[in-house]
Amino acid sequence: MEENKSCALCPRRCGADRTKGEGVCGCGALPRVARVMIHRWEEPVISGGGGSGAVFFAGCPLGCVFCQNGDISRRENAGKVGKVMTEDDLADTFSALAEKGAATLDLVSPTPFSDLLIRAVKKARESGFSLPVVWNTGGYERPETIASLKGTVDVFLTDFKFLSSSLSRRLTGVPDYGEFALSSLREMVKTAGDPVTGDDGIMRSGVIVRHLVLPGQKDDSLAVLKKVAGTVGSSSVLLSLMSQYTPEFYLKTGDPELDRVMRRRVTTFEYETVRAEALRLGFDGFMQERDSATAAFTPEWD
Ligand code: SF4
């Protein structure tokens with residue numbers, strides 16, 4: 001695989017020769033699959049009644065200090081967990097998840113294996129696999145990689161974590177997260193089109209933007225929503241506004257003020273302010289709140 005000899009699949013473009021070792025993301029030539037499961041807690045259009053067929057890949061191009069999956073995502077852990085799988089193994093796994101009744105195929109943190117996953121999905125489809133394929137990503141993507149997924153991926157389920165470069169540098173280790181989240185989002189909308197949901201309530205194509213409201217970062221959340229609405233239009237995506245930040249996973253950044261604020265939960269005022277802005281901008285989608293403000297938003301997806 002040419003990509004693995006000088007990898008540039010994600011914005012890190014670290015140039016690692018993954019046939020010989022691991023890149024900055026912790027990934028070698030073949031994926032380590034940390035978990036395969038029926039996942040009932042994604043957004044309703046992804047999980048449906050049967051749950052999504054989730055495949056969790058170890059490793060990640062980002063290094064978020066608040067990551068809840070650090071045991072499988074951090075570089076130092078990525079080479080130690082899970083099971084190494086070939087594209088044939090993956091194609092069989094995708095078909096097995098469909099046979100178990102999964103509503104969608106939910107590829108979690110797939111970016112470092114984009115090229116291999118294109119081939120694995122093709123192989124599964126040749127054997128009759130037909131679930132919508134969901135690219136469940138942290139949003140730190142290259143538009144070129146997203147464009148290469150046309151015809152493979154049906155739904156992009158992407159984070160848009162921050163816009164501020166200073167915030168992204170301190171919380172993820174990269175200063176250009178917002179820049180790439182935006183340019184790749186533009187490409188996702190171009191590639192997957194407007195959201196389309198079937199009569200069974202399962203999304204067939206389109207983009208869902210996830211945004212987790214962080215403590216003390218309300219202004220950046222508002223800037224993210226405005227930027228998304230201003231760039232692709234609020235009706236071109238579904239918004240999944242998340243409130244479940246948990247400080248338990250937070251690692252120190254060495255910035256005393258940031259460390260202090262990130263050790264608390266999000267306040268009701270912060271979350272409600274961001275939610276009001278989402279409504280004002282005309283986003284449709286999902287919120288992790290019991291008292292949804294309009295019928296367009298679905299309360300907690302349990
Ligand atoms: S996907 Fe991994 S190996 Fe490839 S450029 Fe990104 S960090 Fe480097």
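**Exercise 1.** Classify Ser221: buried or exposed?

Solution. Start with the cut-offs: buried means under 20% relative accessible area, exposed over 50%, and partly exposed in between (1.4 Å probe, protein chains only). Ser221 has a relative accessible area of 2%, so Ser221 is buried. Helices are DSSP runs (H or I, at least four residues), numbered from the N terminus. Finally, list the partners. Beyond its neighbours within four places in sequence, Ser221 is in contact (heavy atoms within 4.5 Å) with His211, Val213 and Val274.

This is a predicted model: local features need pLDDT of at least 70, side-chain atom pairs count only at pLDDT 80 or more, and totals for chains, interfaces and linings use all residues. Residues are numbered from 1 along each chain as its sequence is written, and side-chain values use heavy atoms, with hydrogens and water left out.

**Exercise 2.** Classify Arg119 by accessible area and find its side-chain partner.

Solution. Arg119 belongs to helix α5, residues 114-126. Its relative accessible area is 30%, so Arg119 is partly exposed. The side chain of Arg119 makes a polar contact with the side chain of Glu87 at 2.9 Å. Such a contact is a pair of N or O atoms within 3.5 Å; within protein, one must be able to donate a hydrogen and the other to accept it, and residues adjacent in sequence count only if both atoms are side-chain atoms.

**Exercise 3.** How far apart are Arg119 and Thr19 in sequence and in space?

Solution. In sequence, Arg119 and Thr19 are 100 residues apart. In space, C-alpha to C-alpha, Arg119 and Thr19 are 18 Å apart.

How values were computed:
Helix = DSSP H or I, 4+ residues; strand = E, 2+ residues; numbered from the N terminus.
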